[in-house]
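Hi,

Here is the structure I promised to pass on. Have a look at it, and then read my notes below.

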Amino acid sequence: MAEDIKVIVFKLGVEEYGIEVDKVQTIERMMPITRVPKTYSFIKGVINLRGVVIPVIDLRGRFGIAEAEHTDQTRVIIVAVNEMEVGFIVDSANDVIDLNRDSIDTPPDVVGGIKAKYLDGVAKIGEDRLLIMLNLSEVLNKSEIVQLEGLEG
């Protein structure tokens, strides 16, 4: 019998995504971001979160989704990826659900325009709800992590 995992659900546009709770440090409201020159366009800069400098990535930009105005629902999800903290800007993050690992299927090659390498799978929730599970180690590839490590304070 497969285990249940807790998953943070967030939105980019109309699509719902999931990150396992144990990879999430905290979820913050949008805050001022200090731009950093000569980085990838989806790396928006850094934030100072309780004295820790954390690089921030716009997941819309990372996945090639058109950028949107930030609203009072916009959140920064702070995750631990390969022993470093990174913030992901998302449209909203408003749910924690229990998910059985058996309900997660292998991802198709492309889901909502996002390449499969960024995905851990697609979970079926109920009759008509799909949750796209992120593969955090691929969302940030090795060369990007090296660049981000230079941004950490």
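**The cavity and its lining**

The largest cavity has a volume of about 50 Å³. Please keep in mind that this is a predicted model, where local features need pLDDT of at least 70 and side-chain atom pairs count only at pLDDT 80 or more, while totals for chains, interfaces and linings use all residues. Residues are numbered from 1 along each chain as its sequence is written, and side-chain values use heavy atoms, with hydrogens and water left out.

A cavity here is a set of points on a 1 Å grid over the protein atoms alone where a 1.4 Å probe fits but cannot get out, and its lining residues have an atom within 4 Å of a point. Points are joined across faces, edges and corners, and the volume is the space filled by probe spheres set on them. With a threshold of 30 Å³ or more, the count is 1 cavity.

Asp58, Arg60, Ala68, Glu69, His70, Thr74, Ile89, Val90 and Asp91 make up the lining of the largest cavity. One of them, His70, sits in the loop between α1 (59–62) and β6 (helices are DSSP runs of H or I with at least four residues, strands are runs of E with at least two, numbered from the N terminus). His70 is partly exposed because its relative accessibility is 43% (buried is under 20%, exposed over 50%, partly exposed in between, with a 1.4 Å probe and protein chains only). Beyond residues up to four places away in sequence, His70 touches Met30 and Ile89 (contact means heavy atoms within 4.5 Å). From His70 to Asp91 it is 21 residues in sequence, yet 7.3 Å between C-alpha atoms.

**The cores and the rings**

Now to the largest nonpolar core, which has 26 residues; Phe10, Ile19, Leu59, Phe88 and Leu134 have the most contacts inside it. Such a core is a set of buried Ala, Val, Leu, Ile, Met, Phe, Trp, Tyr and Cys residues joined through side-chain atoms within 4.5 Å. β7 gives the most to this core, 4 residues. A second, separate core has 9 residues, among them Val9, Ile97, Ala123 and Leu131.

There are also 2 aromatic pairs (ring centres of Phe, Tyr or Trp, the last by its six-membered ring, within 6.5 Å; planes under 30 degrees apart are stacked, over 60 edge-to-face, the rest tilted). Phe10 and Tyr17 are stacked, 5.5 Å centre to centre with 15° between the planes. Ring pairs join Phe10, Tyr17 and Phe63 in a cluster.

Cheers

Terms used. 1 Å grid on protein atoms, 1.4 Å probe; cavity = no way out; pocket = protein on both sides within 12 Å on 5 of 7 lines; lining within 4 Å.
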